[in-house]
Amino acid sequence: MKKKKKRKRIVFDKHHILPSSKNGSNERWNIAIIDKIKHNVYHQLFKNRTPVEIICYLVEYFWSGQWNYVELALEKKKSVRAFERSSK
Ligand SMILES: [Zn+2]
């Protein structure tokens, strides 16, 4: 008898990008719909930090104060946006 493959059921959660505990609103731009398990892991790691506080935390705690990784990411984002604009 062939076994049915079990599909992993993903449960979604609403996440406030700017935490409601730090005056984050319930407006659509501030809400991300994410996997509930990943949401829990996110808050275990980052608590209720704002996005800017998280970036500072990553740089100071995990990247030995090396901001060049953030700068590289921003440059990459700029070049992707420029490419997207030029291909329209
Ligand atoms: Zn959340």
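Seen from C56, K22 is 34 residues away in sequence, and the C-alpha atoms of the two are 17 Å apart in space.

## Overall architecture

The chain contains 3 helices and 2 strands, and these elements follow one another along the sequence in the pattern β-β-α-α-α. The C-alpha trace spans about 55 × 40 × 30 Å along its principal axes. A compact globule of 88 residues would have a radius of gyration near 12 Å, whereas the value for this chain is 18 Å. Burial gives a further view of the chain, in that buried residues account for 0% of its 88 residues. As for contacts between residues at least 6 apart in sequence, 30% of them join residues that are at least 24 apart.

The chain is divided into domain 1, covering residues 11–48, and domain 2, covering residues 50–88. The centres of domain 1 and domain 2, taken over C-alpha atoms, are separated by 20 Å. How many residues of each domain take part in the contact between domain 1 and domain 2? On the side of domain 1 there are 5, and these are in contact with 4 residues of domain 2. The side of domain 1 that touches domain 2 is made up of 4 nonpolar residues and 1 charged residue, with no polar residue.

## Helices α2 and α3

Helix α2, which runs over residues 51–62, has 12 residues, and the distance of 16 Å from its first C-alpha to its last is close to the 16 Å expected at 1.5 Å a residue. Helix α3 covers residues 68–86, and its end C-alpha atoms are 27 Å apart, in agreement with the 27 Å that its 19 residues should span at 1.5 Å a residue. Is helix α3 largely buried or largely in the open? Of its 19 residues the number buried is 0, so α3 lies largely in the open.

Y69 is found in helix α3 and counts as partly exposed, with 13 C-beta neighbours inside 10 Å. L74 is also placed in α3, but L74 counts as exposed because its C-beta neighbours inside 10 Å number 10, and the limit for an exposed residue is 12 or fewer.

## Loop residues with positive phi

Most residues other than glycine have a negative phi. K47 lies in the loop between α1, residues 36–46, and α2, and K47 is exposed, with 12 other C-beta atoms within 10 Å. S64 likewise has a positive phi, of about 50°, although it is not a glycine.

## Separations along the chain and in space

R9 lies in the segment before β1, which covers residues 12–16, and R9 is exposed, with 5 other C-beta atoms within 10 Å.

| Pair | Separation in sequence | C-alpha to C-alpha distance |
|---|---|---|
| C56 and K22 | 34 residues | 17 Å |
| Y69 and H43 | 26 residues | 23 Å |
| L74 and N40 | 34 residues | 27 Å |
| R9 and W63 | 54 residues | 35 Å |

The pair L74 and N40, 34 residues apart in sequence, is 27 Å apart in space, while C56 and K22, for which the sequence separation is 34 residues, are 17 Å apart. Taken with these pairs, the radius of gyration of 18 Å, against a value near 12 Å for a compact globule of 88 residues, and the share of buried residues, 0%, complete the description of the predicted model.

Notes:
Residues numbered from 1 in each chain as written. Predicted model: local features only at pLDDT ≥ 70, side-chain atom pairs only at ≥ 80, totals over all residues. Helix = DSSP H or I, 4+ residues; strand = E, 2+ residues; numbered from the N terminus. Buried ≥ 20, exposed ≤ 12 C-beta atoms within 10 Å, placed from the backbone. Expected span 1.5 Å × (residues − 1). Domains from an automatic or database assignment. Contact = placed C-beta atoms within 7 Å. Nonpolar A, V, L, I, M, F, W, Y, C, P; charged D, E, K, R; others polar. Rg over C-alpha atoms; globule rule 2.2 N^0.38 Å.
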